[in-house]
Amino acid sequence: MAEPTFEWDEAKNLENQQKHDVGFYAAQHAFLDKNRVIAEGRNHSHGENRYFCFGLDEAGDGVLTVRFTYRFGRIRIIGAGYWRKGKKVYEQENSLQR
């Protein structure tokens with residue numbers, strides 16, 4: 001299986017870093033978590049499907065919530081942060097699997 005390819009808008013990445021203290025490069029680690037949870041979000045105004053990835057950060061001690069979509073075979077990161085709701089989803093889903 002091929003590794004996923006990521007992309008993002010650099011201006012949005014900088015804005016996200018200032019707002020949520022998470023860069024999109026670091027957000028990619030959530031997708032590497034074998035226990036990650038992918039959830040479908042609401043359709044965007046342009047009819048584009050949006051998704052959420054809840055997964056551990058690189059250090060393995062925080063749960064990242066990453067908003068993303070698929071474009072041209074790539075995962076396009078739209079936003080990321082450490083949000084309580086995302087942590088709750090991750091912990092609930094993973095407690096059911098044990």
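Are E48 and R50 buried or exposed? Both E48 and R50 are buried (under 20% relative accessible area, with exposed over 50% and partly exposed in between; 1.4 Å probe, protein chains only). This is a predicted model, in which local features need pLDDT of at least 70 and side-chain atom pairs count only at pLDDT 80 or more, while totals for chains, interfaces and linings use all residues. Residues are numbered from 1 along each chain as its sequence is written, and side-chain values use heavy atoms, with hydrogens and water left out.

**Salt bridges**
- Five salt bridges are found in the whole structure, each being a side-chain nitrogen of Lys or Arg within 4 Å of a carboxyl oxygen of Asp or Glu.
- E48 pairs with R50 at 3.3 Å, N to O.
- E48 also pairs with R71, at 2.7 Å, N to O; this pair links distant parts of the chain, with R71 in strand 4 and E48 in the loop between strand 2 and strand 3, 23 residues apart.
- R71 is partly exposed at 27% relative accessible area, whereas E48 counts as buried at 17%.
- K87 and E91 form a salt bridge whose closest N and O atoms are 3.9 Å apart; these residues are about one helical turn apart because they lie four residues apart in helix 4.

**Nonpolar core**
- The largest nonpolar core has 14 residues; such a core is a set of buried Ala, Val, Leu, Ile, Met, Phe, Trp, Tyr and Cys residues joined through side-chain atoms within 4.5 Å.
- A27, F31, C53, V66, F68, I77 and A80 touch the most other members.
- Elements giving two or more residues to this core include helix 3 (29-32), strand 3 (51-56) and strand 4 (63-71); helices (H or I, at least four residues) and strands (E, at least two) are DSSP runs, numbered from the N terminus.
- Beyond its neighbours within four places in sequence, F68 has contacts (heavy atoms within 4.5 Å) that include F31, C53 and I77.

**Helix 4**
- The buried residues of helix 4 are G86, Y90 and N94.
- These buried residues pack against strand 2 (37-40), strand 3 and strand 4.
- The face turned away from the buried side carries the exposed residues R84, K85, K88 and L96.

**Positive phi in loops**
- D21, not a glycine, has a positive phi of about 60 degrees and sits in the loop between helix 1 (10-20) and helix 2.
- D21 counts as exposed at 69% relative accessibility.
- F72 has a positive phi near 50 degrees, lies in the loop between strand 4 and strand 5, and is exposed at 81%.
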